[in-house]
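The entries follow the order in which I worked.

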Amino acid sequence: MVRPKTEEEIELLRENAIIVSKTLAEVGRRVAPGVTTKELNRVAEDFIRDHGAIPSFLGFEGFPAALCMSVNDVVVHGFPSDYVLKEGDVVSVDCGTLYKGYNGDSAYTFPVGEVDAETRKLLDVTKASLYKGIEAAVAGNRVGDIGYAVQTYAESFGFSVVRELEGHGLGKEMHEQPGVPNFGHKGKGTKLVDGMVICIEPMINAGGRGVYLARNGWAVHTQDHKKSAHYELTVVVRKGKAEQLSTFDFIEKDGAIRF
Ligand code: MG
Ligand code: MG
């Protein structure tokens, strides 16, 4: 049984979600050819701390940075590094905060300069699959309805769903129950209850769904080394329609970034 959050807890989660959303936008406006992922990580860490929050990923099970920075064939959990972003790359940025005892967690995949049409499609479809998942995150549905919605949408474009990683509940802990897979069957899994706070985070591959773990024990790569995309938002399960806590508005309403 997953305990729904109280309205007071939801307000604290909302504050975290806004800090995370704004951090992603701060990073996004600096994504460009010639920039290192380490520089972007520093921008995020400073922004998070300037807002009185703690970068929750830093030190989590030994993770070395504030952000996961996953370039091209890295699905998730890449380390920020001296790698210099180049035109045509994609970089998935996953950000977590701890603020007033609660967590924030969202992710966005940014194109670096101009990307080819197939890559642009991968980004658009992955983000749209997230919104399909959110549409299914209503009270009375089950977790499998979310996964089904994400999977059927992404696969209808010939892309594939990473199955080894999933979304999750969010609260005082960064990862709470229920797990929220990006594939599944309608009507299966944990029942969604009003007030449940979950992160939905499709990881979609341009090629096959196979992945492997890098030798550093963190970075997850696509087996075929084709690109992967990752978008994540935090929502409250409500009756009729989920309520978004985090948002991409800070990113997408900034005209400085091309989409
Ligand atoms: Mg995340
Ligand atoms: Mg997450």
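Entry 1: I began with Arg 29 and Glu 26, whose side chains meet in a salt bridge with an N to O distance of 2.5 Å. I kept in mind that this is a predicted model. I then asked how accessible each partner is. Arg 29 has a relative accessible area of 39% and is therefore partly exposed. Glu 26 is at 17% relative accessibility, so Glu 26 counts as buried, the limit for buried being under 20%.

**Entry 2: a bridge between helices.** I next looked up Lys 127, which forms a salt bridge with Glu 252; the closest N and O atoms are 2.5 Å apart. Lys 127 belongs to helix α3 (residues 117-135) and Glu 252 to helix α5 (residues 249-252), so the pair ties together parts that lie 125 residues apart in sequence. Lys 127 is buried because its relative accessibility is 15%. Glu 252, at 32%, is partly exposed.

Entry 3: I turned to Asp 194 and Arg 238, which form a salt bridge with their closest N and O atoms 3.5 Å apart. This pair links distant parts of the chain: Asp 194 is in the loop between β8 and β9 (197-200), and Arg 238 is in the loop between β14 and β15 (243-244), 44 residues apart. I noted that Asp 194 is partly exposed at 27% relative accessibility, while Arg 238 is buried at 14%. Salt bridges with shared partners join Glu 7, Glu 11, Arg 14, Asp 194, Arg 238 and Glu 243 into one network. I recorded a count of 17 salt bridges.

Entry 4: Asp 105 lies in strand β5 (residues 102-111) and Glu 232 in the loop between β13 (228-230) and β14 (233-236), 127 residues apart. Both Asp 105 and Glu 232 are buried.

**Entry 5: the largest pocket.** I finished with the largest pocket, which has a volume of about 420 Å³. It is lined by 23 residues, and the closest to its centre are His 77, Leu 165, His 168, His 175 and Glu 201. I noted that β8 gives the most to this lining, with four residues. By class, the lining has ten nonpolar, seven polar and six charged residues.

Methods: Residues are numbered from 1 along each chain as its sequence is written. Chains are lettered from A and ligands numbered from 1 in the order in which they are written. This is a predicted model: local features need pLDDT of at least 70, side-chain atom pairs count only at pLDDT 80 or more; totals for chains, interfaces and linings use all residues. Side-chain values use heavy atoms; hydrogens and water are left out. On a 1 Å grid over the protein atoms alone, a cavity is a set of points where a 1.4 Å probe fits but cannot get out, and a pocket is an open set with protein on both sides within 12 Å along at least five of seven lines; lining residues have an atom within 4 Å of a point. Grid points are joined across faces, edges and corners, and a volume is the space filled by probe spheres set on the points. Helices (H or I, at least four residues) and strands (E, at least two) are DSSP runs, numbered from the N terminus. Ala, Val, Leu, Ile, Met, Phe, Trp, Tyr, Cys and Pro count as nonpolar, Asp, Glu, Lys and Arg as charged, and the others, Gly among them, as polar. Buried means under 20% relative accessible area, exposed over 50%, partly exposed in between (1.4 Å probe, protein chains only). A salt bridge is a side-chain nitrogen of Lys or Arg within 4 Å of a carboxyl oxygen of Asp or Glu.
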